[in-house]
Amino acid sequence: MRIASTFSIVCCLILSPWLRADENWPEFRGPQGRGDAGEVDLPVDFSDERQLVWKVDDPHGRGWSSPVIWGDQLWITTATLDGTKQYAVCYDKNSGEVIHDLLVFENVDPAEAHITNSYASCSPAIEEGRIYVHFGSFGTACIDTTSGEKLWQRRDLPCDHHRGPASSPIIDEENLYVPFDGFDVQYVVALDKKTGDTVWKKDRDIDYGTDDGDRMKSYSTGTLITHEGVRQLIMPSAVETITYDPKSGAELWRVRHGWMNAAIRPIYENGLVYIFAGDGPTKMVAVDPAGRGDLTSEIHLRHSKGVPMKPSPIMLGERLYMIEDQGVASCINPVSGETIWQKRIGQNYRASMLHAGGHLYTLSDEGLVTVFAAKDEYEEIAQHTFPAGFQASPAASGKKLYLRSMESLYCFEK
């Protein structure tokens, strides 16, 4: 009995969600891109100044990219307000001390970024020893995280983002993947992580049903999954989402959902892929990724009530928690589509949600942070208003929570 009990305890520790509260937060929305910090006990009362570990202001101007973390390093990207200079800045995640402040790209007469966007809105991706920063068509670069040396760069991937870039890169063992869904051209590239060379490039080949480039653009970040032993790269675009073989770029399947401005990362749960279609009449569809070819006639679920266009939601098993762009929070059953509850919190939202320890965090454009319980009824835990609003999504590392407002970067610990 004693051996069995010890074995059970060890297994529980190995499988515990506590281990999902990783020290590393390697990409937009963290491990697996889910916005889930596991069962770690993060701060909820931001009015308690004792929980503020450090705070720094943006050193160069403005950036909406979310923080990424590896080891003791936390990185953000930022830019001057006019976009002529773009930076990567590294802080000690424990003290807020600057480790690197790197000018990555300089631009002469850069294309306009909309007032709701920035010239540094794409979140980096990081791994041991390397960080990959992306500024859309302005450039992509790989930087040594110890020395700050730029190892490679690409500035030859054209795209008219029309209102500025926002799609973030993702990485696997071999490649970096990023979409360029612009006003003029729409394609996806895979770059060799070691050299920056193009491994494959695929034009979208989508019938957008219009000549208006504004309705062809998209701002989404891809998701890598393995389903029934097959690796898949899911890349939403305007009108359709296409899934590729990450190694070759060969198309596996696609689904037509309509409309433009897709910005939310797909979610893989319950054996289905949940795709968020932007500002069209059908805002979310779910498909079985085992299919091949055109899966539009095989959509398992269509849902629009309370579905956001910009802030990515949280999926916890058979519950999907969302904050709609105009401030309506909701919980639905993502298998049946049943609405469990809805609650108007108010204000406007672009930052994605975060889950930790049964708590859900929402951050508004106006600076309101609301924490509520991940339950089958709405239960508010705390609210606090910050001096500036939020566009970047939160990050977590261990028991520390990092919030990046439009002006400052905060570190909190309970």
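How many bridges join strand β8 to β9? Four bridges join β8 (residues 140-144) to β9, and the two strands run antiparallel. This is a predicted model, in which local features need pLDDT of at least 70, side-chain atom pairs count only at pLDDT 80 or more, and totals for chains, interfaces and linings use all residues. Residues are numbered from 1 along each chain as its sequence is written, and side-chain values use heavy atoms, without hydrogens and water.

**Sheet**

- Strands (DSSP E runs of at least two residues, numbered from the N terminus) β6-β7-β8-β9 form, in that order, an open sheet with antiparallel pairing; two strands pair if DSSP finds at least two bridges between them.
- β6 (125-127) and β9 (150-154) are at the edges with a single partner strand each, so one side of each has no neighbour in the sheet.
- Ala-141 has Gln-153 in β9 as its bridge partner.

**Cavities**

- Two cavities of 30 Å³ or more are found in the whole structure; a cavity is a set of points on a 1 Å grid over the protein atoms alone where a 1.4 Å probe fits but cannot get out, and lining residues have an atom within 4 Å of a point.
- The largest cavity holds about 60 Å³ of space, a volume being the space filled by probe spheres set on the points.
- Of its 14 lining residues, His-161, Pro-165, Ala-166, Ser-167 and Pro-179 are the closest to the centre.
- Strand β11 (residues 175-181) gives the most to this lining of the largest cavity, with four residues.
- The second largest cavity has a volume of about 50 Å³, and its lining includes Val-56, Tyr-91 and Arg-404.
- β1 (52-57) and β33 (408-413) each supply at least two residues of the lining of the second largest cavity.

Key
1 Å grid on protein atoms, 1.4 Å probe; cavity = no way out; pocket = protein on both sides within 12 Å on 5 of 7 lines; lining within 4 Å.
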